[in-house]
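Hi,

Here is the structure I promised to pass on. Have a look at it first, and my notes come after.

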Amino acid sequence: MKSMGCLRVLCKISCRKLELIGALKGMDINCGSFLVRNTESAVKQGKVGEEDIDRALLNLFSVQLRLGIFDGDPRKGQFGKLGPKDVCKSEHRKLALEAARQGIVLLKNEDNFLPFREDVVSSLAVVGPHARNISNMLGSYTGIPCSPKSLFEELQAYVQMTSHAAGCQDIPCNASDAFHEAILAAKNANYVIVVVGLDLTQETEDLDRVSLLLPGKQMDLVSSIAAASKNPIVLVLTGGGPLDVSFAQNDPRIASILWIGYPGEAGGKALAEIIFGDVNPGGRLPVTWYTESFTKVPMNNMNMRADPSHGYPGRTYRFYTGDRVYGYGHGLSYTNFHYKFLSAPPKLTLLKSSRANIYRNRVLRDAEGLASLDIAEIEESCDSLKFRVQISVTNVGDMKGSHVVILFSRAPRLIQGTPQKQLIGFDRVHTFPNTSIETSILVDPCDHFSVVNESGKRMLVGGGHVLMLGDLEHIVSVELN
């Protein structure tokens with residue numbers, strides 16, 4: 001094959017190997033060895049065609065051309081002078097800190113337990129194997145940190161009398177031998193922060209978790225510390241995946257829960273700033289946190305829609321019907337926000353363009369007269385249906401901070417398997433106490449109001465579509481001819 005011969009030459013020239021052109025369908029690049037080992041066989045079996053390889057090559061080298069790699073000496077290009085010396089510039093470190101701040105999610109905060117006041121917290125105990133290990137905060141695919149500081153070090157900057165006890169020797173936490181030291185530290189401190197969760201010994205490529213619970217005896221450690229502490233504790237969770245922390249969610253001795261993910265080298269500072277109120281948390285969960293029972297769902301059943309007749313709960317926030325610990329988009333703040341729809345249409349009518357007229361007799365109607373129309377048949381009319389929702393966000397608390405506004409839609413239940421809701425868009429706004437700010441989110445009805453039917457066709461559904469903004473709802477009636 002012409003492309004395969006070209007491919008071998010190009011890979012030799014660029015020293016990139018076969019994996020970097022991603023010959024498998026739908027993929028342009030692969031950092032592992034799978035494609036090196038399997039692409040030639042896939043080509044011989046007819047599973048990968050010449051057009052797939054051409055597309056992958058076009059995408060790969062188009063990016064390299066944009067980077068100026070083939071325009072003479074790359075060192076003289078736009079990015080040619082960048083090197084290790086640029087990584088730790090002040091603006092980049094500030095960006096890392098801001099990213100960590102925005103990514104931390106406040107999951108629980110009973111009776112406004114957080115933020116701490118420095119003049120009230122006379123002594124602090126930080127418990128957990130994560131607390132003094134900076135590597136646990138970086139995740140995978142990371143470089144060398146510029147000025148790494150652990151969670152413990154950054155918290156100690158706020159409270160001089162800060163002690164640490166690991167409680168568990170490592171993240172797997174297979175033994176409770178060190179519990180006594182952690183319990184003693186908790187008893188001797190005014191307030192306690194427990195840092196547990198996941199690291200790369202629990203989740204990474206080629207390493208799937210088999211449980212959504214905290215690893216090993218971590219849950220026992222948290223409960224033991226909560227029982228020993230003078231005051232309710234703060235629980236900090238690390239890791240990239242969901243955790244079933246129902247025990248902590250329902251325990252009044254655990255007043256606040258924060259999820260920091262893998263926050264990077266500035267994660268300790270960002271966490272300390274949030275715990276002590278210098279920064280107002282504004283992160284939202286990017287995934288649904290399921291209960292442990294979800295691990296019983298067969299891994300090879302990738303149907304999105306729920307099937308109650310077989311006890312299948314569905315997947316993702318759009319279709320999942322089972323119990324959840326925290327939902328997609330959940331995230332608290334130290335202040336409260338009120339929403340108001342400033343501008344949103346009450347009704348949309350599909351314009352009678354020539355194409356729409358051709359297909360108007362193909363409008364499907366259910367027993368109650370509700371209509372649906374194949375999106376593929378009205379593509380030329382889709383732009384005319386787009387509109388912007390103007391939203392007012394009022395900070396009704398006494399603390400400034402950023403806030404993520406999330407707009408969902410809910411379609412009429414005309415088509416079987418209609419999502420419970422689906423994301424339209426989001427925007428982060430920066431607010432001040434007792435002040436309102438406006439934002440807008442674009443709505444594309446052909447995308448955001450459409451539903452995929454059992455035949456795999458995307459249908460625009462007529463009837464009342466609900467725009468959902470927190471607890472606020474607005475109905476947009478879609479009329480199809």
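Below is what turned up on the disulfides and on one helix.

Before you dig in: this is a predicted model, where local features need pLDDT of at least 70, side-chain atom pairs count only at pLDDT 80 or more, and totals for chains, interfaces and linings use all residues. Residues are numbered from 1 along each chain as its sequence is written, and side-chain values use heavy atoms, with hydrogens and water left out.

**The disulfides**

Searching the whole structure gave three disulfides (a disulfide here is a pair of cysteine sulfur atoms within 2.5 Å). If you number the bonded cysteines in sequence order, they pair up as 1-2, 3-4, 5-6.

Cys88 and Cys146 make one of them, with an S to S distance of 2.0 Å. This bond ties together distant parts of the chain, 58 residues apart: Cys88 is in the loop between α4 (84-87) and α5 (90-103), and Cys146 is in the loop between β2 (124-127) and α6 (151-156). (Helices are DSSP runs of H or I with at least four residues, strands are runs of E with at least two, and both are numbered from the N terminus.) The S-S torsion is about -95°, so this disulfide is left-handed. Cys88 is partly exposed at 34% relative accessibility, and Cys146 is partly exposed too, at 25%. For the cut-offs, buried means under 20% relative accessible area, exposed over 50%, and partly exposed in between, using a 1.4 Å probe and protein chains only.

Next come Cys168 and Cys173, joined at 1.9 Å S to S. Their torsion is about -45°, so this one is left-handed. Cys168 is buried, at 1%, and Cys173 is buried at 1% as well.

Then there is Cys382 with Cys446, whose sulfurs sit 2.1 Å apart. That pair also links distant parts of the chain, with Cys382 in helix α13 (residues 382-385) and Cys446 in helix α14 (residues 445-448), 64 residues apart. The torsion is about -90°, so the disulfide is left-handed. Both of these cysteines are buried.

**Helix α10**

Helix α10 (residues 267-275) is mostly covered, with eight of its nine residues buried. Among them are Leu271, Glu273 and Ile274. What do the buried residues of α10 pack against? They pack against α5, α6, β4 (191-197), β5 (233-238) and β6 (254-261). After the helix comes Gly277, which has a positive phi, near 80°.

Cheers

Methods. Contact = heavy atoms within 4.5 Å.
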